[in-house]
Amino acid sequence: MARTKSKKRLVGTWSTQQRREAMEQSREAARGPVDLPFLLLTLLLTAMGMVMVLSASFPSAYYENNGNGAYYFVRQGIFAVLGLAAMFGLSKMNYQRLRGVGRLLLWGSILLLVLVIVPGNPIAITENNATRWLGIRGTFLRFQPSELAKMAVVIYFSATISKKREKMQTWSQGIWPYVLILGVIALLMMREPHLSGTILIVCTGIVLMIVGGIKGWLIPLGIGGVGLVGTLYVILVQKGILHYGENRINTWRDPFNAEWYRGDGWQIAQCLIAIGSGGLLGVGLGKGRQKFLYLPEEHNDCIFAVICEELGLVGACVIMLVFALLILRGFWIALHARDRFGALLVVGFMTLTGLQTFLNIAVVTGLVPATGISLPFFSYGGTALLCQLAEMGIVLSVSRQMPAPENG
């Protein structure tokens, strides 16, 4: 009996010692260097984004703010500084601590999404027929709960999926709980309405489920289902059976049609004019003409059109190349992450960045119908920039703990 108790005590002591050693190893790993290429690419995109915000927003800021052409640039600069501080702070934090905050972030973001759509809410802000912000009207004290929801979904999904390597193959624990969460968030965001944000969150969640190990046959089934639903939706709109989004489909097909050129087709038409005006080398930085109150949302959703006009095809391709390098480097970090949780975190944030970049450029160039989506690091928007830089900080934190290459 005494020997058994002694053995149990020894095992318990050994277990505690193992935990201490694991924690110490984790702390040591967290002190490693960040991935320098990823950091430099992030800083480069942030700097280029600030330059383009100043160029694109100057005419509208001058007109709307009594001659203060730097109004939007200064506000964006404040959030850029805050975002960079958050990025460097999070990069020094051990990302393992995020495991415990995923559930709290998820429930908090859902609560805020509910608060946005509550009728008569005095802190809910409506712009362009969409209620997506909480804050104080007429000030820069506002934020989009959808941006917090993106981060919450990635962190919560990564933390829970990383513990369910085998259970992800089951419907009850590996699929339905995540589908239910995505469904609730999508329903709340479509009530705002916020189609682009819904697409980003749902697609990112699905990617994390795929990487997490759901059954392989579900992947082509899901892709085929999404394609079928999208095709059916366009057909029903064209036949006049469905009317939601009808104007977006019509203007996407022919934005220069005289019937809606001066209405819903104006934005995409002006985007295409700006892109075509830039030619190969562009008209010169700051010398674009479409931003002079011709192009709507010139410093937000349509800033890529201003880039094409002022920097030309060459400049636009350079910026797309930098985005591609950032995304590829991020996935490289995911492949070399210390553990499954870190890999899923990076995959989630890189999927968000890559998909959002692709959709914005696709909308501006007329490849897909308008969804109201911003360009990461470039489009004006304090909450978005702050969250994007914070996400990059988490990726850098994961990069600190990558195992050192073996010298052979």
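How are α5 and α13 oriented relative to each other, roughly parallel or roughly antiparallel? The tour comes to that pair after a view of the whole chain.

This is a predicted model, in which local features need pLDDT of at least 70 and side-chain atom pairs count only at pLDDT 80 or more, while totals for chains, interfaces and linings use all residues. Residues are numbered from 1 along each chain as its sequence is written, and side-chain values use heavy atoms, with hydrogens and water left out.

**Whole chain**

Begin with the protein chain coloured by secondary structure, where 14 helices and 3 strands can be found; helices (H or I, at least four residues) and strands (E, at least two) are DSSP runs, numbered from the N terminus. Of its 408 residues, 47% are buried, where buried means under 20% relative accessible area, exposed over 50%, and partly exposed in between (1.4 Å probe, protein chains only). Among contacts (heavy atoms within 4.5 Å) with a separation of 6 or more, 71% are between residues 24 or more positions apart.

**α5 against α13**

Select residues 145-161 for helix α5 and residues 340-364 for helix α13, which pack at an angle of about 150 degrees with their axes 8 Å apart; the axes are lines fitted to C-alpha atoms, for helices over the stretch in contact, and angles run from 0 to 180 degrees between N-to-C directions. The two helices are therefore roughly antiparallel to each other, a label for angles over 145 degrees, with those under 35 counted as roughly parallel, 65 to 115 as roughly perpendicular and the rest as oblique. On the α5 side, the residues in contact include Met-151, Val-154 and Ile-155, and among their counterparts in α13 are Phe-341, Leu-344 and Phe-349. By class, this contact of α5 with α13 has 10 nonpolar, 3 polar and 2 charged residues, with Ala, Val, Leu, Ile, Met, Phe, Trp, Tyr, Cys and Pro counted as nonpolar, Asp, Glu, Lys and Arg as charged, and the others, Gly among them, as polar.

**α8 against α13**

Sorted by class, the contact of α8 with α13 has 11 nonpolar, 5 polar and 1 charged residues.

**Loops with particular backbone geometry**

Then select Asn-66, in the loop between α2 (36-64) and α3 (71-91), which has a positive phi of about 55 degrees although it is not a glycine; at 81% relative accessibility, Asn-66 counts as exposed. Leu-293, in the loop between α11 (266-278) and α12 (303-335), likewise is not a glycine and has a positive phi, of about 65 degrees.

**Two last selections**

Gln-144 is in the loop between β3 (142-143) and α5, and with a relative accessible area of 13% Gln-144 is buried. Not counting residues up to four places away in sequence, Gln-144 touches Arg-132, Trp-133, His-194 and Thr-383.

Finish at Ala-47 in helix α2, which counts as partly exposed at 42% relative accessibility. Select Phe-378 as well: the C-alpha atoms of Ala-47 and Phe-378 are separated by 9.0 Å, although the two residues are 331 residues apart along the chain.
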